[in-house]
Amino acid sequence: MKNLLMALTLAATTAFTSAQALALELTEKDVENFIKAAPAVTNWADKQGQQFDSAALLGAQGSEQNNKSMSDSAIAMLKNTDSYQQFADVISRYGFTPEQLISVGSEVTAAYLANVKGDLSAEDKARVDEVMGGLQSLSGSSNKTNSLLGAMGSANQASEDVSDTNIALVEEYMPQLKKLFSVLGQ
């Protein structure tokens, strides 16, 4: 249980938190390209300073209800600062537009969380849900880490609504995703 909570905490600090996107069915290429693109996106956002939240750029939504508004907000911020094209250039190497990256990232992360929670006992799932519910209150915080942790708490709820197809596909990539999340979480 302790390792699971540590893994979830590390995942939260990587900006790969999300909620259910518009019922996107992932492909192997989507997942592989997301894994390749994530470090570049995080690096780009970090170089921009506090101006951009890499969590939002990678599909970190607080809940399904505000998925579209947060996506629109991230895209609008890019466009308002004339950074859209620069960001698009960074991620086009991986086959995404900014809008596609947000959608794919949202589904990958929700499916990742569903897989992590899938092997837990009912008691451990209840503990995770309790902890993640507390983290959800941090969503929207001006503090970058708290904002990511809050989005992770909200994404925990979204992981319940992921398609079985996406969960099965992402399960094949769990070793790479776990490694990616742990490296980016340091």
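1. Leucine 101 touches Phe34, Ala37, Val41, Leu57, Leu58, Phe87, Ile91 and Phe96, residues up to four places away in sequence not being counted; contact here means heavy atoms within 4.5 Å. The model is a predicted one, in which local features need pLDDT of at least 70 and side-chain atom pairs count only at pLDDT 80 or more, whereas totals for chains, interfaces and linings use all residues. Residues are numbered from 1 along each chain as its sequence is written, and side-chain values use heavy atoms, with hydrogens and water left out.

2. Leu57 and Leu101 touch the most other members of the largest nonpolar core, which has 43 residues. Such a core is a set of buried Ala, Val, Leu, Ile, Met, Phe, Trp, Tyr and Cys residues joined through side-chain atoms within 4.5 Å. Helix 6 provides the largest share of this core, 10 residues; helices are DSSP runs (H or I, at least four residues) numbered from the N terminus.

3. Helix 5 (residues 84–92) packs against helix 6 (residues 98–118) at an angle of about 60°, the axes being 9 Å apart. Tyr84, Phe87, Ala88 and Ile91 of helix 5 and Pro98, Glu99 and Leu101 of helix 6 make the contact. Axes are lines fitted to C-alpha atoms, for helices over the stretch in contact, and angles run from 0 to 180 degrees between N-to-C directions.

4. Asparagine 33 lies in helix 2 (residues 28–47) and counts as buried because its relative accessibility is 13%, the limit being under 20% relative accessible area with a 1.4 Å probe and protein chains only. Its side chain reaches the backbone oxygen of tyrosine 94 at 3.1 Å.

Conventions:
Helices (H or I, at least four residues) and strands (E, at least two) are DSSP runs, numbered from the N terminus. Buried means under 20% relative accessible area, exposed over 50%, partly exposed in between (1.4 Å probe, protein chains only). A polar contact is a pair of N or O atoms within 3.5 Å; within protein, one must be able to donate a hydrogen and the other to accept it, and residues adjacent in sequence count only if both atoms are side-chain atoms.
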